[in-house]
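Here are my notes on the model, point by point. Please keep the structure open while reading.

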Amino acid sequence: MSVRPAAPAAPRRTRQDADRRFGIRLFGSVAVGAVAAVLFGLLLVLVESGWLPLRRLDAGAARWLNRTALDHPAWTGTLRFFSDVVWDPVTLRAAVAVIVLWLVYRRAWRLAAWSAVTAIAGGLTGLLVKTVVERARPALPDPVAQAPGFSFPSGHAMTATTSFAILLLVLLPMVRKGLRPLCWAVAAVSVLGVGFTRVALGVHWFSDVVGGWTLGLAVVALTGWSFEAWRADAGMGRTEVAEGLEPELSGDDPESQEPGSRDPGIPGPESPGPDPAGPR
């Protein structure tokens with residue numbers, strides 16, 4: 001009577017290590033979302049309660065930047081161009097819409113759905129919070145710009161956070177690894193720049209901008225966690241944030257692979273693994 005040898009331990013260890021790393025990444029995504037949500041909630045409480053140190057910080061930043069803007073008209077014109085054209089929410093949402101259509105064309109259905117849901121959820125969440133809080137915008141003696149609606153959180157800051165996150169996490173697989181740090185740097189400078197222009201133009205308080213950043217980060221972290229959870233359920237390979245949400249996007253048909261075929265340590269349909277009978 002022959003005894004079938006046990007399966008090799010190496011593939012099992014590889015699977016366990018991959019699962020452990022994936023679990024850590026999922027936990028990290030949830031933690032980032034939770035921390036951002038908690039920070040936003042704390043900031044919201046401080047704004048609603050009129051916490052004096054925060055009011056002083058907001059007022060001081062608004063007055064100083066307003067004086068600087070009045071003294072440098074050319075600089076103010078540049079800020080207006082970036083705020084109202086380059087980083088305007090309409091511009092950024094149009095860019096995301098183009099990305100969604102491109103993903104549909106590439107048959108990356110789930111990534112297209114993630115991009116659309118993240119953008120829409122961010123916009124609706126920001127609008128809802130604005131309506132609930134009803135914070136007035138800065139009222140400066142000599143304003144250099146005007147904006148309608150309520151102030152907290154900054155819609156520009158939140159839209160920039162969600163939009164550049166979508167663009168990064170979708171397009172990184174199409175970018176050479178050596179250029180990816182540059183993409184991250186451009187996105188970070190843009191998100192920070194949006195916040196600066198809104199305060200410098202006197203249409204938002206500093207805390208409005210921080211609120212937009214944290215709320216946008218929470219939305220992206222939570223929807224990103226959902227996408228990673230789908231990949232786990234579908235048996236797709238584990239990903240790093242630096243590689244984008246779907247590294248397979250650089251291939252011809254991103255979502256055509258069979259479950260399990262993306263993880264080199266886990267045998268898939270095309271890779272049945274070692275022959276239990278051993279070498280012949």
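1. Start with Arg-107, which sits in the loop between H4 and H5. Helices here are DSSP runs of H or I with at least four residues, strands are runs of E with at least two, and both are numbered from the N terminus. Phi of Arg-107 is near 65 degrees, a positive value in a residue other than glycine. With 38% relative accessibility, Arg-107 counts as partly exposed. The cut-offs are under 20% relative accessible area for buried, over 50% for exposed, and in between for partly exposed (1.4 Å probe, protein chains only).

2. A word on the source. This is a predicted model: local features need pLDDT of at least 70, side-chain atom pairs count only at pLDDT 80 or more, and totals for chains, interfaces and linings use all residues. Residues are numbered from 1 along each chain as its sequence is written, and side-chain values use heavy atoms, with hydrogens and water left out.

3. The loop between H5 and H6 holds Glu-134. Its phi is near 55 degrees, again positive in a residue other than glycine. Glu-134 counts as exposed, at 52% relative accessibility. Pro-153 is in the loop between H5 and H6 as well. A cis peptide bond joins Phe-152 and Pro-153, with omega about -5 degrees.

4. Now the overall fold. The protein chain has eight helices and zero strands. Of its 280 residues, 41% count as buried. Contact means heavy atoms within 4.5 Å. Among contacts with a separation of 6 or more, residues 24 or more positions apart account for 75%.

5. Check helix H2, residues 52–71. Its 20 residues should span 28 Å at 1.5 Å a residue, and the end C-alpha atoms are 29 Å apart, which agrees. The expected span is 1.5 Å times one less than the number of residues. Buried in H2 are Leu-54, Asp-58, Ala-62, Leu-65, Asn-66 and Ala-69. Seen down the axis, these buried residues fall within an arc of 110 degrees, so they line one face of the helix. The arc is taken from the directions from the helix axis to the C-beta atoms.
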